[in-house]
Amino acid sequence: MHRRRWGNRRKIVTGVVGVAVVAMMGATLASAAAVRGTQERGNGTIKGCVNKKTRAVRIIATGKNCKSKEQTKTWNKKGKTGAAGADGATGATGTDGTDGATGATGIDGLDGATGATGTDGTDGASGATGATGSDGLDGATGATGADGLDGLDGATGAMGPMGATGPAGSTGADGSTGANGSTGSDGTDGTDGSTGATGAVGPQGPAGPTGSTGATGAPGQDGTDGTNGAVGPQGDTGPQGPAGTNVVNVTTVSNSSAASSANKSITATCTGGRKIVGGGAIIGGDTQGQVGITASYPSSATVWTATGTEFDTDTTNWTVTAYALCAL
């Protein structure tokens, strides 16, 4: 029972507070209406007092002050000017009106008498271009003017081209006979007469000295190769060589040169820590049999070098290939 009665009491208090708030708002609005005219004639602000405890608001006139239990507040009657709105879209262009019909050309009026010259008026606006008038009659031809003074002589013109050669003149009359000339020089000798008959052969003269040795003639062409001789008898067997070292992981490396008809060398190289234990070389592409191996040797512990040389002119393109036997 006690708790229920307390709850009803709270509802009653709440209702009283609500009535008080409504009454306070009504008083505030009435006070605001009373001072509106005074505030609107002020500096563009509204002045009010806020109760520090109840937070009730009342509007006061300009020049009045709030009480000690109240806090002074001011508001602008007008807010700041908002940003300009975006331009509206351009309206559609209207259609052109139809052209009016052209009026008929009027007849030319009579020329009026010439009036006195008036003062110059201000320039009027340019009028529309009128229709083209008909051509007037040609005026009478004026009298011929007096002859003008002679002009100055012009500069001498450039020389013209040479004219054609004229016809030959007639032959003139013979001149009188001249005086006798001096005696001329002797004439040239006459031609030799024909050769006489050959005389008898004279005795033989002594022998002349021996001439110098002539230059050595060019070498003759190589003769054809002779046939191979018979195979000789087999030689005696040589002594046995010392035992070789144990060689493992033997691999063969080869390398070929580019094909050409020039002397060339090529190398084959062992890799991976392997050393040269042997090698060789061959010639490839020598169809004329004029190329041979002139060198085939280990040029270092890992490189085998081979050289091919032409013994005679060889027009074929040949190669030389080096082989290296490599082992650990």
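Strands in these legends are DSSP runs of E with at least two residues, numbered from the N terminus. The model shown is predicted.

**View 1. Arg55 in the loop between strands S1 and S2.** Strand S1 covers residues 45–51 and strand S2 covers residues 57–59, with Arg55 placed in the loop between them. The phi angle of Arg55 is near 65°, a positive value in a residue other than glycine. Most residues other than glycine have a negative phi. With a relative accessible area of 46%, Arg55 is partly exposed, because that class lies between the limits of 20% for buried and 50% for exposed.

**View 2. The open sheet S5-S8-S7.** The sheet has 3 strands, in the order S5-S8-S7, and the pairing is antiparallel. Strand S5 (264–269) and strand S7 (291–298) are at the edges; each has a single partner strand, so one side of each has no neighbour in the sheet. On average, neighbouring strands of this sheet are turned by 20° against each other, direction ignored.

**View 3. Pairing of strands S7 and S8.** Strand S8 spans residues 303–310 and runs antiparallel to S7, to which 7 bridges join it. Which residue in S8 is the bridge partner of Tyr297? The partner is Thr305.

**View 4. Lys264 over the ring of Trp318.** Lys264 lies over the face of Trp318, at 3.3 Å from the ring centre. As for contacts between aromatic rings, the count of aromatic pairs comes to 0, where a pair requires ring centres within 6.5 Å.

Notes:
Residues numbered from 1 in each chain as written. Predicted model: local features only at pLDDT ≥ 70, side-chain atom pairs only at ≥ 80, totals over all residues. Heavy atoms only, no water. Pairing = 2+ DSSP bridges. Helix = DSSP H or I, 4+ residues; strand = E, 2+ residues; numbered from the N terminus. Axes fitted to C-alpha atoms, helices over the stretch in contact; angles between N-to-C directions. Phe/Tyr/Trp six-rings, centres within 6.5 Å; stacked < 30°, edge-to-face > 60°. Lys NZ or Arg CZ within 6 Å of the ring centre and 35° of its normal. Buried < 20%, exposed > 50% of the residue type's maximum accessible area, 1.4 Å probe, protein only.
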